Amino acid sequence: MKHLKKGSTVLLIACIPLIPLLFSGCVSNTLQEIREADTGILPHETIAVLGRKDSRKDQTESAFIDCLVDKTSSGSKSVNVISNEEFVDQFFPWFEPRTAPLEVGDMTNILKQDKITQKVDEINLRYIVWVDGTTQRTDQGGTVQCAVATGGVPACFGFLTWEAGSNYEATIWDIHSGVSAGKVSSEAKGMSFVPAIIVPLPFIARTQAAACVAMSKQLKEFIDPEPSK
Amino acid sequence: MLGPKRSIVVIAMCFGMLGCVSGANVNKAIAIPKPLIESVPVTVGLHISDNLASTVHQESVPGHGTYTIEIGESQEHLFSQVFGAVFDDVVVVESLNDIPDGISAIIVPEIELTQISLPHLSGDDVYEVWISYAISLLDAETGKSIHDWTVQGYGSANRNNYGNPLDRASKALRDATKGAFRDAAAFISFRYVRQQAVYDWIGSTQSP
């Protein structure tokens, strides 16, 4: 029986990192869309999802870009997506932080290069989606303190809370017509908290994941507004 | 099976290890793609000096360990890729005293300065690398300088993009170094042949 109790304690400690998978804080999401041109996509055409890297500090997290690529290329109304790394390698050095086009007009000039045009045709590139934004902690309070109690068992007490905001905007360039087709934005806010009475129980608001899922749905709808068959 | 006390000791050791992780080592060659640009119909030589090929940047930060970047290993690849795109053909010249026929000029790059910045030094989340290159174009026959140029490459990597604290610094510093290589390569790709002396030299190779 004593062994069983010790075993349970060890199991409980080992399971603590898994608790966030069971609980999550509340997240609210706001989506916005600005359409500047009609859109549509053929089954063989591709979109490139790229993160803006011209800012030194506030670069979009690679996890968000990877998530957006994954969610946009799967599920209902999925489209062919070329990832950021693959695209910038194939078009090196035209999309590096110091050389990437900032306006759609600059892109039109780049497309005058024969080698670029050939590569665009080779991968059937139709849209470039520029993603800007980050996830940041906006407010936090409280503390959780942990110590080893009598008998060698660690125990934590306290209450920790923080608010996170994920703000992302995607600008869609239509490569065929050389215009900006519009913008979609996703803003997710959420409060996370960790009450601790012996064992800390984290309730994490996954704002970045929520913003990614919402933006990928919105992006697919924006690019292909036709109802799915 | 570990008892609870031993488990706690193991867990404590794990956290202790995480707390003690310091320094970083970038010791594998870094590859860059060949630039997608129109080349100039000229064959040039490329000489990578022993000094450049063995360049290692090392900085010890008190309380945070030693940060080492083995830059030299990647340089022949980097400049072969870049100048192989800028010009029709690039021949690697092992010695400046033994230049193959058919080459009218040789490019000799060197590193003038390397600097790094770390999150705990700058106070933000970014690892940064700056590399300043001096690139000389030498006349193959006389050895005299045709053109000297300084190019800077800058790369950064946000530590929040790397999950595992055990190798976060090494991975981020490697990506920042790769960014600096790519930045310098991009700059050379677009600007090298526009340098007046280089432009004039290319013109002289085309004349009948």
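Student: Does A:C212 count as buried or exposed, and at what relative accessibility?

Tutor: In this predicted model, A:C212 counts as buried, its relative accessibility being 0%. The residue belongs to helix α7 of chain A, and, leaving aside residues up to four places away in sequence, A:C212 touches A:F64, A:C67, A:L68 and A:K71. A:C212 and A:D66 are 146 residues apart in sequence, yet their C-alpha atoms are 9.5 Å apart in space.

Student: Which strands does helix α7 of chain A lie across, and at what angle does it run to β6(A)?

Tutor: Helix α7, residues 207-223 of chain A, lies across β1, β2, β4, β5 and β6 of that chain, and its direction makes an angle of about 160° with β6(A). Helix α3, residues 62-72 of chain A, lies across β2, β3, β4 and β5 of chain A, running at about 165° to β2(A).

Student: How should I read the sheet itself, and what is the order of its strands?

Tutor: Strands of a sheet pair through backbone hydrogen bonds, in either a parallel or an antiparallel sense. Here the sheet is open and has six strands, in the order β1-β6-β5-β4-β2-β3 of chain A, with mixed pairing. At the edges stand β1 (26-35) and β3 (80-82) of chain A, each of which has a single partner strand, so one side of each is left without a neighbour in the sheet. From one strand to the next, the twist averages 20°.

Student: How many residues lie between the strands in the hairpin of β4(A) and β5(A), and which residue takes a positive phi?

Tutor: Five residues lie between those strands, and A:G151 takes a positive phi near 95°. The hairpin of β5(A) and β6(A) has four residues between its strands, and in its turn A:G178 has a positive phi of about 65°.

Student: What should I look for in a nonpolar core, and which residues of the largest one touch the most other members?

Tutor: In soluble globular proteins, nonpolar side chains tend to be buried together. The largest nonpolar core of this model has 74 residues, of which A:F87, A:F95, A:I128, B:F79, B:F83, B:F87 and B:Y192 touch the most other members. Helix α5 of chain B, residues 168-191, supplies the largest share of this core, namely 10 residues. Beyond residues up to four places away in sequence, the contacts of B:Y192 include B:F83, B:F87, B:I107, B:W149 and B:F187. There is also a second, separate core of 25 residues, which includes A:V49, A:Y127, A:V129 and A:M215.

Student: Is B:T114 buried or exposed, and what is its relative accessible area?

Tutor: Burial here requires a relative accessible area under 20%, and B:T114, at 10%, is therefore buried. This threonine lies in strand β6 of chain B, residues 105-117, and touches B:H57, B:I71, B:W130 and B:I131, residues up to four places away in sequence not being counted.

Note on methods
Residues are numbered from 1 along each chain as its sequence is written. Chains are lettered from A and ligands numbered from 1 in the order in which they are written. This is a predicted model: local features need pLDDT of at least 70, side-chain atom pairs count only at pLDDT 80 or more; totals for chains, interfaces and linings use all residues. Side-chain values use heavy atoms; hydrogens and water are left out. Two strands pair if DSSP finds at least two bridges between them. Helices (H or I, at least four residues) and strands (E, at least two) are DSSP runs, numbered from the N terminus. Axes are lines fitted to C-alpha atoms, for helices over the stretch in contact, and angles run from 0 to 180 degrees between N-to-C directions. Contact means heavy atoms within 4.5 Å. A nonpolar core is a set of buried Ala, Val, Leu, Ile, Met, Phe, Trp, Tyr and Cys residues joined through side-chain atoms within 4.5 Å. Buried means under 20% relative accessible area, exposed over 50%, partly exposed in between (1.4 Å probe, protein chains only).
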